[in-house]
Amino acid sequence: DYMIAPPKFHGDLLSLGPTARFEVDEMIQTTLAADVTVEYRIFGFGATFRFEAVGATGAWTTFSAPLDPNLWVRVGGDASFQDTLKAVQRVDVSIDSANGPETIRFDNFRLTAPPAPTGSSRPTSACGCRSSASPGG
């Protein structure tokens, strides 16, 4: 199961620079594991890329996915990560993190672009949406 980000997260994300990242706050409650994986997927330019963030269960955790091409795995298509970021058509975030019963609270999905470490004056860009999911499988 996935939360599909609204269209305001589509388009040219490459222009946000090397420090851009997706973030989401989730509280995942399950008795099956102490740590869980949240998967992000980006679709665009005929390719799909996946990033997995690991976090703890039982407390609000920010799962971050930096838009660094070295951290994402192509799982479909032939386009490069940079070409995909130039034409993002869909962004998904998993809301099913355990192989069994779980309750997930999902909040504050956002795309941020903090200033680059080199002292760039690039402004911060933040977008958000709210969603909630309960027992999954």
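This is a predicted model: local features need pLDDT of at least 70, side-chain atom pairs count only at pLDDT 80 or more; totals for chains, interfaces and linings use all residues.
Residues are numbered from 1 along each chain as its sequence is written, and side-chain values use heavy atoms, with hydrogens and water left out.

Me: Which are the edge strands of the open sheet formed by five strands?
Reply: Strands here are DSSP E runs of at least two residues, and helices are H or I runs of at least four, both numbered from the N terminus; two strands pair if DSSP finds at least two bridges between them. The order in the open sheet is β1-β7-β3-β4-β6, with antiparallel pairing. The strands that pair on one side only, and so form the edges, are β1 (2-4) and β6 (73-76).

Me: Which residue of β7 stands opposite isoleucine 4?
Reply: β1 and β7 run antiparallel and are joined by three bridges. Opposite isoleucine 4, the residue in β7 is aspartate 92.

Me: Which residues have the most contacts inside the largest nonpolar core?
Reply: A nonpolar core is a set of buried Ala, Val, Leu, Ile, Met, Phe, Trp, Tyr and Cys residues joined through side-chain atoms within 4.5 Å, where buried means under 20% relative accessible area, exposed over 50%, and partly exposed in between, with a 1.4 Å probe and protein chains only. The largest such core has 33 residues, and the elements giving two or more residues to this core include β2 (21-29), β5 (61-66), α1 (81-86) and β8 (103-112). The residues with the most contacts inside this core are Phe22, Tyr40, Leu67, Trp72 and Phe109.

Me: What is the bridge partner of phenylalanine 22 in β5?
Reply: β2 and β5 run antiparallel, and six bridges join them. Within β5, the bridge partner of phenylalanine 22 is alanine 65.

Me: Is aspartate 92, which forms a salt bridge with arginine 90, buried or exposed?
Reply: A salt bridge is a side-chain nitrogen of Lys or Arg within 4 Å of a carboxyl oxygen of Asp or Glu, and the closest N and O atoms of arginine 90 and aspartate 92 are 2.8 Å apart. Arginine 90 is partly exposed at 33% relative accessibility. Aspartate 92 has a relative accessible area of 0% and is therefore buried.

Me: Which residues do salt bridges that share partners join into one network?
Reply: The structure holds eight salt bridges, among them one between the side chains of arginine 21 and glutamate 23 at 2.7 Å, N to O. Arginine 21 is partly exposed at 24%, while glutamate 23 is buried at 11%. The residues joined into one network are Arg21, Glu23, Asp25 and Arg110.

Me: Which residues is threonine 30 in contact with, leaving aside its neighbours within four places in sequence?
Reply: Threonine 30 lies in the loop between β2 and β3, and its 15% relative accessibility means that this residue counts as buried. With contact taken as heavy atoms within 4.5 Å, threonine 30 touches Val36, Thr57, Ala98, Pro101 and Glu102.
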